[in-house]
Amino acid sequence: MEVPTWLFLAVLFGGALLAIVIAAGIDIYRGTPDLVLTALIPVLLVSFFGGLFWLSSRERLLRQRRLAQVSTAQRLLALMPDEMADMAGELYRLQGYAVTENKRPDLEDGGIDFDVSKHGKTWLVQVKHWRQEVTVKEVRELWGIVASEGAAGGILIGTSGFTSRAWEFAQGKDLTLIDGPRFLEMRSKLPTLQGSADRDADGMVSEGFVAHFARIHRPACPKCGKSMVLVTRLEDAAVIRQFWGCKAYPDCDGTRRFAFPYLPPSKSSC
């Protein structure tokens, strides 16, 4: 379960104070005070947990930035499945829910991707970032897990939509089905993202892209050190993935994540 920032800092302060007391007690017991050791223990403790807090905050910031960029159906479909699950989790965090990600790693995703909790109730969330509609089979399976876990309800996110039988099964149950358009609508209502206006889907080559791409630093291949090129994978007319690939491919198959695709300037800024 996520820990509020104020509680984390309180526990960190209390732990540092306790470390000082224990170190001082050891010095008194030994009869040979060591002020350096007494001061070093809490400093190391604060540095370690402070670093964890910084990494966690940085990861959330990156997810929020990514969510701000997912403003069209094309960009939504371009996400990888794990990225889509991250975006969904961040969406609910920004709505005030406490999010617990994948609490059953020993069973792959355990049938769910994360839990969301608010006002003492918990909902199980599953993300199906598929290229086809989610069927009633997946909806039934999630509802079965909800019943076995005793959760308040379930949420199934299917970016490509649901079959009519899936919608029929969910009626009358605390089972929410969210398709791609509904996800984008929920995202657009977040106060923290209202400044990033939705835009129409970009063309294959949009105005300003060449200049933008020329300014991008091309990373080095993690395997051979050579420069990399941007690889775009298409399915029909949709971009399904972009990543950095080694220029020496197929002799070298090194890749790196291409985190933030091009976003053209809005008309209002011109």
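A residue is called buried here when its relative accessible area is under 20%. By that criterion, 35% of the 270 residues in this predicted model are buried.

Begin with the whole protein in cartoon view. The secondary structure consists of eight helices and eight strands. The protein exposes about 16200 Å², of which carbon and sulfur atoms supply 60%.

Next, select helix α5, residues 136-149. Its 14 residues reach 20 Å from the first C-alpha to the last, close to the 20 Å expected at 1.5 Å a residue. Display the side chains of Val136, Glu138, Val139, Leu142, Ile145 and Val146, which are buried. Their cover includes β3 (121-128), β4 (153-158), α6 (164-170) and β5 (175-179). After α5 comes glycine 150, with a positive phi near 70°.

Glutamate 141 is partly exposed at 43% relative accessibility, and lysine 137 is partly exposed at 49%.

Now move to arginine 63 and aspartate 86, whose side chains meet in a salt bridge (3.2 Å, N to O). Arginine 63 belongs to helix α2 (residues 35-69) and aspartate 86 to helix α4 (residues 81-94), so this pair ties together parts 23 residues apart in sequence.

Finally, select arginine 66 and glutamate 83, another salt bridge, with the closest N and O atoms 3.7 Å apart. Arginine 66 lies in α2 and glutamate 83 in α4. Arginine 66 counts as buried at 7% relative accessibility, as does glutamate 83 at 10%.

Terms used: Residues numbered from 1 in each chain as written. Predicted model: local features only at pLDDT ≥ 70, side-chain atom pairs only at ≥ 80, totals over all residues. Heavy atoms only, no water. Helix = DSSP H or I, 4+ residues; strand = E, 2+ residues; numbered from the N terminus. Buried < 20%, exposed > 50% of the residue type's maximum accessible area, 1.4 Å probe, protein only. Areas by Shrake-Rupley, 256 points an atom, 1.4 Å probe, with all protein chains shown as cover. Expected span 1.5 Å × (residues − 1). Contact = heavy atoms within 4.5 Å. Salt bridge = Lys/Arg side-chain N within 4 Å of Asp/Glu carboxyl O.
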